[in-house]
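Reader: I am new to this one, and I would like to know where the labels come from. Could you show it to me and take my questions?

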Amino acid sequence: MRRARIPLMSTCRGTMKTFLLMSLLVFSITSFAQTEQKRVLRDPNGETVFWMFYHLAEIQPDLAPIIKQRMLGESGVNEFNRTEKEKVHEERLKTEFAAAAHYTHIELNLRSYVSAYDAAYHEFYFNGLGPGSYISFAGYGKQFKISLINAEEASVWSVPPDKAETIAGLMGPSRQVSLRLYLKILGATPDSSGGEIEAKIMNFKIYAMQYNRFSGRKVGEIVLVE
C-alpha cells in the first residue's frame, strides 16, 4: 500500500499558523500582565500609606498596638468576650493590609504658590517643589514621608512669553495653585518613626485656587517622564 504524501507547503503553512497563534497568545498574556501590574493609589490617607509602606518594605506590621487602640472604642468588653472582639479587629486589620498590596503609583494633590514670571528665562517657579521636597502622612502612630526625588526639576514651569500673562490672569492675585501629582513608587526604607517612600514625579496638572479653595480650573500641565 502506498503511503499518502503530505505536501511540504501544507506542512509549512500549518507550522506558521501554529507559530502565529502562539505568538499572539504570548503577546496577549504579556500585555494583560503589564496592565495588571500597574495599580494607582489615589488621594491616600495616613492609614492607607501605613499599610502600603509595609508591603513595599516587605515587613509584617505589628497589629497588637493597633488592636489595643481600637479596643479602646469598644463598649461592653469583659473577660468573657475580650478575646473574641480582639480576633474580629485582627481579621479586619489583616483585610485592610491585604487590600493595600501591589501599589505602583500614587496620585494626589499638593498645594503650592507660583512665582512672578521670570522674563529672562521664560519661567514660573513652584515654591511647593524643590530639593528635598516630601509629603507627610501619619497613620497608626507612625510617621511616613513620600520623598519626591525629582522635585527640583519639577519646580520649573517653562512658559512662552505670549502665554504667560494669560496664565497669570487665570491663577489670580494669590498665585495659589493645586498640583495634581502622578508619582511612580521606587522603594521604601523603614526608620525609627515609620519610614520613607521614594517616588518620582511623572507628570502633574496645575489647577487654580481662589480664597484657599480648589476651583477646578486647569491652567497648565507638565510632563517630566512619558
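What follows is a short talk about the terms used for this structure.

Author: Welcome! This is a predicted model, in which local features need pLDDT of at least 70 and side-chain atom pairs count only at pLDDT 80 or more, while totals for chains, interfaces and linings use all residues. Residues are numbered from 1 along each chain as its sequence is written, and side-chain values use heavy atoms, with hydrogens and water left out.

Reader: What is the phi of His122?

Author: Phi of His122 is near 60°, a positive value in a residue other than glycine. Phi of Arg175 is also positive, near 60°. Most residues other than glycine have a negative phi.

Reader: How do you know what span to expect for helix H4 (residues 82–99)?

Author: The expected span is 1.5 Å times one less than the number of residues. H4 has 18 residues, for which 26 Å is expected, and its reach from first C-alpha to last is 26 Å, close to that value.

Reader: Which residues of H4 are buried, and where do they lie around the axis?

Author: They are His89, Leu93 and Phe97. They cover an arc of only 80° around the axis, so they lie on the same side of H4; the arc is taken from the directions from the helix axis to the C-beta atoms. On the other side of H4, Glu84, Thr95 and Ala98 are exposed.

Reader: What makes S2 and S7 a pair?

Author: Two strands pair if DSSP finds at least two bridges between them. Nine bridges join S2 to S7, and the two run antiparallel. His105 is opposite Lys184 in S7.

Reader: How many bridges link strand S1 (residues 40–42) to S2?

Author: Three bridges, in the parallel sense. Leu41 has Ile106 in S2 as its bridge partner.

Note on methods: Helices (H or I, at least four residues) and strands (E, at least two) are DSSP runs, numbered from the N terminus. Buried means under 20% relative accessible area, exposed over 50%, partly exposed in between (1.4 Å probe, protein chains only).
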